[in-house]
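Dear colleague,

Please find below the sequence and structure for your review. My notes on what was found follow directly after them.

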Amino acid sequence: MKANLRKPAQFPTVDDLIGNATDFLKSATADLSARPKHSVIAFYTAIELIVKARLMAEHWTLVVSKNAERGQFAKGDFVSVTFDEACARLQNVIGSPLPDNAKAIFNSLRKHRNKMVHFYHEGEADKNALESIALEQLLGWRALVSLIENQWQGIFANMAFDITAIDQDFAEHRLYAKAKFESLAERLAEIADAGGVLVDCHSCTFKAAERREELAAVFSSRCLVCNACRRWMVTPCPSCSVDLTNEGDDGAACKSCDAAFTMEELVEHLNQEIITKDNYFDVMTPANCANCEGYHTVISWDGSYVCLNCIEHSDEIGVCGWCGEGNNGELEASFVYGCSACDGNVKLMNE
Ligand SMILES: [Zn+2]
Ligand SMILES: [Zn+2]
Ligand SMILES: [Zn+2]
Ligand SMILES: [Zn+2]
């Protein structure tokens with residue numbers, strides 16, 4: 001009998017990627033001050049692995065840039081997706097695009113990684129450089145945790161990714177955030193004295209985020225310590241009338257009475273477009289959102305249009321030339337190319 005000496009290669013799993021990401025996060029946090037260059041490279045590698053884990057949870061071929069071949073993939077012999085390709089696949093294939101905040105911070109971490117790889121020598125970092133690396137990583141980490149706990153919760157719930165344990169490794173990063181917060185004391189006092197409203201930052205937790213009211217009940221803030229941006233909406237809870245905060249994440253739950261509301265319920269409850277028998281055919285909302293790919297998530301609000309799924313707002317919405325649905329995105333050639341909710345006129349497109 002001929003022995004089969006070649007053991008079949010173990011096919012990589014999502015857990016393998018997550019295990020690797022955990023290792024990279026551990027060394028990135030441990031090496032922050034001693035080897036900042038290494039830390040920056042390892043940190044971004046971890047982010048990329050988690051994004052790839054999300055793609056792979058859908059199908060392994062999504063991790064491969066092109067010409068996916070099972071045997072090559074198992075051996076690790078393939079060209080993997082770039083950050084832009086991964087973002088496009090999250091949006092177009094999985095229908096779960098990275099939120100603007102996460103995309104911006106991951107992209108910035110990626111650019112800094114590239115700069116480190118090409119132009120930077122270990123040992124050059126001064127205190128200011130270390131502070132900005134620490135704050136950027138802290139922001140990237142919070143964005144990652146938010147994705148895993150919310151939008152990708154269903155995928156990561158049963159995976160061995162210990163957020164609490166990894167979070168403890170960011171203690172040194174938080175010291176940098178604390179130092180920056182203390183250095184901003186005067187600036188923050190000026191903002192408060194001038195009538196500005198400072199709120200706790202959801203990312204670094206310091207009361208250093210200046211709140212702006214963009215439309216009635218629609219708020220945004222940017223943190224002066226860590227640059228975290230946030231948008232949210234506060235409206236009376238339909239059950240108990242206490243303030244209900246919608247962070248723009250597929251529905252909202254009331255902290256006071258525990259009632260939970262789906263996106264559809266929020267849309268129905270808050271949409272200010274009035275439907276009568278005379279305007280029935282001209283009704284534009286709920287419209288679709290090109291920013292978050294939300295379906296029927298954009299409502300008429302305060303003379304403007306707000307997506308309840310991502311709290312993006314716009315002055316106008318249009319109608320897609322192909323599917324006829326309202327949409328807040330670019331619609332100029334929508335008769336041919338469609339909108340965020342439809343593929344357009346496939347026949348014309350192929351001509
Ligand atoms: Zn912050
Ligand atoms: Zn309530
Ligand atoms: Zn949206
Ligand atoms: Zn359409």
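The domain bounds used in this message come from an automatic or database domain assignment. On that basis the chain is divided into domain 1 (14-179), domain 2 (186-236) and domain 3 (264-349). Please note that this is a predicted model.

Overall features

The centres of domain 1 and domain 3, taken over C-alpha atoms, are separated by 33 Å. The C-alpha trace of the chain spans about 80 × 65 × 40 Å along its principal axes. The chain contains 13 helices and twelve strands. Of its 351 residues, 35% count as buried. Among contacts in the chain with a separation of 6 or more, 47% are accounted for by residues 24 or more positions apart.

Helix 2 and its partners

Helix 2 (residues 36-58) consists of 23 residues, and from first C-alpha to last it reaches 34 Å, close to the 33 Å expected at 1.5 Å a residue. Helix 2 is mostly covered, with 18 of its 23 residues buried. Two packing partners of helix 2 are described here, namely helix 1 and helix 6.

The axes of helix 1 (residues 14-30) and helix 2 come within 8 Å and cross at roughly 160°. Angles over 145 degrees count as roughly antiparallel, and helix 1 is therefore roughly antiparallel to helix 2. The crossing of these helices is left-handed. On the helix 1 side, the residues that meet helix 2 are V14, L17, I18, N20, A21, F24, L25, S27 and A28. Their counterparts in helix 2 include S39, A42, F43, A46, L49, I50, A53 and A57.

Helix 6 (residues 127-149) packs against helix 2 at an angle of about 15°, with the axes 11 Å apart. Because angles under 35 degrees count as roughly parallel, helix 2 and helix 6 are roughly parallel to each other. Helix 2 contributes P36, S39, V40, F43, I47 and I50 to this contact, while helix 6 contributes L130, I133, Q137, G140 and L144. The crossing of helix 2 and helix 6 is left-handed.

Residue N327

N327 is found in strand 12 (residues 326-327). A residue is buried if 20 or more other C-beta atoms lie within 10 Å of its own; N327 has 23 such neighbours inside 10 Å and therefore counts as buried. Leaving aside neighbours within four places in sequence, N327 is in contact with A287, N288, A290, I317, G318, C320, C339, S340 and A341. N327 and Q10 are 317 residues apart in sequence, and their C-alpha atoms are 46 Å apart in space.

Backbone features in loops

The peptide bond from T285 to P286 is cis, with omega near 0°. P286 lies in the loop between helix 11 (263-270) and strand 8 (298-301).

Two residues other than glycine with positive phi may also be of interest to you. N227, in the loop between strand 3 (218-223) and strand 4 (229-236), has phi near 70°. With 18 other C-beta atoms within 10 Å, N227 is partly exposed. D258 lies in the loop between strand 6 (252-253) and strand 7 (260-261), and its phi is positive, at about 70°. D258 has 10 other C-beta atoms within 10 Å and is exposed.

Yours sincerely

Conventions. Residues numbered from 1 in each chain as written. Chains lettered and ligands numbered in written order. Predicted model: local features only at pLDDT ≥ 70, side-chain atom pairs only at ≥ 80, totals over all residues. Helix = DSSP H or I, 4+ residues; strand = E, 2+ residues; numbered from the N terminus. Expected span 1.5 Å × (residues − 1). Buried ≥ 20, exposed ≤ 12 C-beta atoms within 10 Å, placed from the backbone. Contact = placed C-beta atoms within 7 Å. Axes fitted to C-alpha atoms, helices over the stretch in contact; angles between N-to-C directions. Parallel < 35°, antiparallel > 145°, perpendicular 65-115°, else oblique. Left-handed = near helix turned anticlockwise from the far one by under 90°.
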